Amino acid sequence: MQTLEANMKEKVQAAWNKRPLVISGPCSAETEEQLVATAQQLAATGKVDILRAGIWKPRTKPGMFEGIGAKGLPWLQKAKELTGLPTAAEVATAKQVEDALTFDVDVLWIGARTTVNPFSVQEVADALRGVDVPVLIKNPINPDLELWSGAVERVARAGIKQIGLIHRGFSSYGNTEYRNAPMWHLAIEMKRRNPGMLIVNDPSHICGRRDILQETAQRAIDLDFDGVMIESHIDPDKAWSDAKQQVTPERLGEMISSIIWRKEDVASEEYHAALEKLRQQINHLDDELMQIIGQRMKIAESIGQYKKDNNITILQTNRWNEILERAYREGERKGLSKEFITKYFDAVHMESINHQKKVLDS
């Protein structure tokens, strides 16, 4: 028994350290037959490192299927015994942590709806004290990096040594092609703050539909993510939850094989020399940009002084529209997207307003 446990711990460690890491399994454990069959088919692909399954499912509205509960844990344990795959499950309360560990779940993850609540994260963290288990932490539903960072810190303070991140996208107002907007810049910033920490992408929850899963997963890998978590079901269209975003184990295997798995670096002096030369050019251009923006703000302050002397409001809507339209035309000629131009000039405009406000308040 001790040998079997030791072997599984080695498997878990090997999976955790593997790049790319692939985690897959059904959104929800529905029946023993469904979970075991899915696990066996996933194992047969040879592409999956960790088997996931939703045991408890926090849902937006009452009356929806909220997971099979703890009675699904023996099914997950059986799937592990039959396939040899380490297992992972989401936990949101101290009792769920206790139940999952009782049935030898190898990796735990904290979901987006839990990460958003520090009280819930602390409850889970307290339940993890003295436990040696890897923990993955999903980004909170709302785009707040401090909540995500806070969850990492709480779990780390509980003594957990192996902590990873899951990027599953963020809720946003209005309709987009995604179920949850990826907001890649936030995941990139979280990666920057935690160098060396495992980060995997969850295209299933970002996309909410299977037709754009692969392109989203590929983008994550292009951005140097360490792996993916993709939901899989033996009969996705009949799944009890999130049917549209799940794929069959066979399709999962095809997707993983089709992804171009890029690496962060390569041992080539020629490559590094060429890259360094181009990076120096970017550094020089960035320096020039900063100088130009600084000059622009000086002019904005002069404009602010004229407005103050003549009792004029800071915001001039017609002038702002004129700037944007001119920028869109010029940006299009330079191959810059309208989205980028809008974000860039919004930031510049707000900084200009702040400079003019200081003049008016002086």
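The model is predicted, so local features need pLDDT of at least 70 and side-chain atom pairs count only at pLDDT 80 or more, while totals for chains, interfaces and linings use all residues. Residues are numbered from 1 along each chain as its sequence is written, and side-chain values use heavy atoms, with hydrogens and water left out.

**The barrel**

- Eight strands make a closed barrel in the order S1-S2-S3-S4-S5-S6-S7-S8, with parallel pairing; strands are DSSP runs (E, at least two residues), helices are H or I runs of at least four, and both are numbered from the N terminus.
- From one strand to the next, the twist averages 25°.
- Strands S3 (residues 87-90) and S4 (residues 107-110) run parallel and are joined by three bridges; two strands count as paired if DSSP finds at least two bridges between them.
- Glu-90 has Trp-109 in S4 as its bridge partner.
- Helix H7 (residues 145-157) lies across S4, strand S5 (135-138) and strand S6 (163-167), and runs at about 155° to S6. Such angles run from 0 to 180 degrees between N-to-C directions, with axes fitted to C-alpha atoms, for helices over the stretch in contact.

**Met-255**

- Met-255 sits in helix H11 and is buried, at 1% relative accessible area. Buried means under 20%, exposed over 50% and partly exposed in between (1.4 Å probe, protein chains only).
- Leaving aside residues up to four places away in sequence, Met-255 touches Leu-213, Gln-214, Ile-230 and Val-247, where contact means heavy atoms within 4.5 Å.
- Met-255 and Lys-47 are 208 residues apart in sequence, yet their C-alpha atoms are 9.8 Å apart.

**Aromatic rings**

- The whole structure holds five aromatic pairs. Rings of Phe, Tyr and Trp (its six-membered ring) pair if their centres lie within 6.5 Å; planes under 30 degrees apart are stacked, over 60 edge-to-face and the rest tilted.
- One of them is Phe-65 with Trp-240, edge-to-face at 5.3 Å centre to centre and 85° between the planes.
- That pair links distant parts of the chain, 175 residues apart: Phe-65 is in the loop between S2 (50-52) and helix H3 (73-83), and Trp-240 in the loop between S8 (227-231) and H11 (249-258).
- Trp-240 is partly exposed, at 44% relative accessible area.
- Tyr-344 and Phe-345 are also edge-to-face, because their ring centres are 5.1 Å apart and their planes at 90°.
- Tyr-344 is partly exposed at 30%, whereas Phe-345 is buried at 18%.
- Phe-340, Tyr-344 and Phe-345 form one aromatic cluster.
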